[in-house]
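Okay, thanks everyone for coming.

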Amino acid sequence: MRRKPALPIRLIVYLAILFVAVIINLPFFWMLVTSFKTEDAAFTIPPSFLPTIFDFRNFVKAFELIPLARYIWNTLFVALTVTLLQLIFNSLAAYGLARLRFRGANVVFMILIGTLMVPPEVTMVPLYVIVKQFGFIDKYRALIVPFMSSAFGIFLLRQFFMGIPRELEEAAIIDGASRMKIFVRIILPLSKPALYTMALYTFLAHWNEYMWPLIVINDAKKQMIQVGISQFVSGWETQWTLRMAASTTAVIPIIIFFFFVQKQFVEGISISGLKE
Amino acid sequence: MIRLRRRTREALTGWVTVLPALFVQVIFIYLPLAWAFYVSFFSWNMIRPMRYIGFRNYERLFNSADFWNSMGVTGIYILGTVIPSVIIGLLLAALLNIEWIKGRGVFRTLFYIPVITSMAAAAVIWGWLYEPNFGLVNYFLSIFGINNIKWLSDPSYALLALIIVGVWKRIGYNMVLFLAGLQTIPKTYYEAAEIDGATPWKKFVNITLPLLSPTTLFVFIMQFIASFRVFVSVSVMTSGGPAKSTQVITYYLYENAFKYLKFGYASAIAVVMFAMMVVFTLIQFRLSRRRVHYQ
């Protein structure tokens, strides 16, 4: 057992960590405080670090000025649908690659994982053309269909499936169970932690997505939350109290949610090191 | 019903499991990638028919001052973000790896919050922090006698403003990767060093840093690629301006495609970006094969 350093040194270390934690989170604190200030109070020097209004009037105004409730609903719908589809597509492919022997499996694996090398920025122009050909512009399908599977998800699940002992399946094979039955009855129930982690990542990535909806959604009513809160509508530019209220609406629920699921999250990156 | 041999049945099931994912990725990633190559040889605005022009898009690209400007801006952004975010991430990981500190999990979560929030919201919030007259950043600077920097509308500060946001957003991510790397260093090394009377700093420099070098390389490359792809903060905070001082390569591509509708030219930019990504990835493979293992 190593010994602890003297009390003053421990205090300095604690203060340093606390200081960094405060600095890193100051922008969110400032967003929250500003969203509870009157317009006048937000524009004072020196700035006040306390809220001035203790009601939700900025939020009410922000919800009136831009259809925030609609954006939240749209984004929840899209992000949850993508997550559900990815759970199906990715776990199926991961199972095939982890457990089944078939000719070309290695090539298929390379093709699926190779997409990690292709950043979405590179394909956004032709993808836009394809999605337009399909008639998906201004439809949620444009945000869902191209993202029904992901290299990251397949990789993460495959790693997990490969760690499940084969003996658990062998008894079922001898009993004559089909591979699909084994997948559904044995592999999936054993893989809840990995499926949960993958679902969290996928949901968060699509809740936070900005670039793609910016390109394929022009209809203001169908917009996603991240584009919605960052676009300017007339009279909106300088109303920082309202913009902070809108940002608070998009950010604070996610931060609270994160506090409950952070363990799965951080372990997920440590395993794969692939996704933020 | 024909009874298939077990092997054949297994192979069939195998293909059935991978086909849906394969289908999606081929149609929505590989096909667009191939199409980007193809379209880069045409002049096309989606209204008039495509016109084959050979390598002219590439010629224009490499002779374009705007393209080289965007490469320069991206390069400065990468340099400005990679080094600080890797170093700060490492220092925070080393700090949170100290055993006697209580509440390490809570601090780790607090440091990670910027990573999970969307860049779009972060950019809106930072837009307010950078507000020249009433923003928090200029208020703090005024205490030190620095006054009235127009962060987002002065060409000499706008890129710095984006770099600060980029570093802030990624520190937590790099820290978690380093924390995972630190777990792999055997505790016995430190115990041996302590018997020899090594100071914490000596231990950090002589044990932690060398043993962590594979992780450091990995973090460095991940951060490099992430910085290369910067887009959202530029789009929300500066739109590439003022005076193109923040026009990174992704934003240059985006503007040419969706503002000027130069799809052929934009595809040529995409091809160049892809070629650069491939080079980065190959370098990563080469370096990670050569990396040192201490076992």
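Let's start in chain A, in the loop that runs between α2 (39-42) and α3 (57-65), which is where A:Pro46 lies. Helices here are DSSP runs of H or I with at least four residues, strands are E runs of at least two, and both are numbered from the N terminus. A:Ile45 and A:Pro46 are joined by a cis peptide bond, with omega at about -5°.

Before I go on, a word on where this comes from: it's a predicted model, with local features needing pLDDT of at least 70 and side-chain atom pairs counting only at pLDDT 80 or more, while totals for chains, interfaces and linings use all residues. Residues are numbered from 1 along each chain as its sequence is written, and chains are lettered from A and ligands numbered from 1 in the order in which they are written.

Chain B has a cis bond to show as well, this one joining B:Gly241 and B:Pro242, with omega at about -15°. B:Pro242 sits in the loop between α11 (232-238) and α12 (249-258) of chain B. As background, most peptide bonds are trans, and most residues other than glycine have a negative phi.

That brings me to phi. B:Lys244 lies in that loop between α11 and α12 of chain B, and its phi is near 60°, a positive value in a residue other than glycine. How exposed is B:Lys244? It counts as partly exposed, with 16 C-beta neighbours inside 10 Å. The cut-offs, with C-beta atoms placed from the backbone: 20 or more other C-beta atoms within 10 Å of a residue's own makes it buried, 12 or fewer makes it exposed, and in between is partly exposed.

B:Asn148 also has a positive phi, near 55°. Look for B:Asn148 in the loop between α6 (136-143) and α7 (158-183) of chain B. B:Asn148 has 9 C-beta neighbours inside 10 Å, so it counts as exposed.

Now zoom out to chain B as a whole. You'll find 13 helices and 2 strands in it. Its radius of gyration is 25 Å, well over the 19 Å that the globule rule gives for 295 residues, so chain B is more spread out than a compact globule. That radius is taken over C-alpha atoms, and the rule is 2.2 Å times the number of residues to the power 0.38. Along the principal axes, the C-alpha atoms of chain B fill a box of roughly 75 × 75 × 35 Å.

And burial? Of the 295 residues in chain B, 42% count as buried. Helix α5 of chain B, residues 119-129, is mostly covered, with 11 of its 11 residues buried. Among them are B:Trp126, B:Gly127 and B:Trp128.

On to the two chains together. 74 residues of chain A are in contact with 75 residues of chain B, where contact means that the C-beta atoms, placed from the backbone, lie within 7 Å. On the chain A side, α14(A) gives the most, with 14 residues. By class, that side has 52 nonpolar, 14 polar and 8 charged residues. Nonpolar here is Ala, Val, Leu, Ile, Met, Phe, Trp, Tyr, Cys and Pro, charged is Asp, Glu, Lys and Arg, and polar is the others, Gly among them.

Here's a helix pair to look at across that interface. α5(A) and helix α1 of chain B, residues 6-39, pack at about 30° with their axes 10 Å apart. They are therefore roughly parallel, the term for angles under 35 degrees. From α5(A), A:Ala105, A:Val108, A:Ile111 and A:Leu112 meet B:Gly14, B:Val18, B:Ala21, B:Leu22 and B:Gln25 in α1(B). That contact has 7 nonpolar, 2 polar and no charged residues.

A:Leu92 is in helix α4, and it counts as buried, with 21 C-beta neighbours inside 10 Å. Which residues does A:Leu92 contact, leaving aside its neighbours within four places in sequence? B:Thr17 and B:Pro20.

A:Pro126 lies in helix α6 of chain A and is buried, with 25 other C-beta atoms within 10 Å. Again leaving aside neighbours within four places in sequence, A:Pro126 is in contact with B:Pro32, B:Trp35, B:Ala36, B:Val39 and B:Ser267. Okay, over to you.

Conventions:
Two residues are in contact if their C-beta atoms, placed from the backbone, lie within 7 Å. Axes are lines fitted to C-alpha atoms, for helices over the stretch in contact, and angles run from 0 to 180 degrees between N-to-C directions. Angles under 35 degrees count as roughly parallel, over 145 as roughly antiparallel, 65 to 115 as roughly perpendicular and the rest as oblique.
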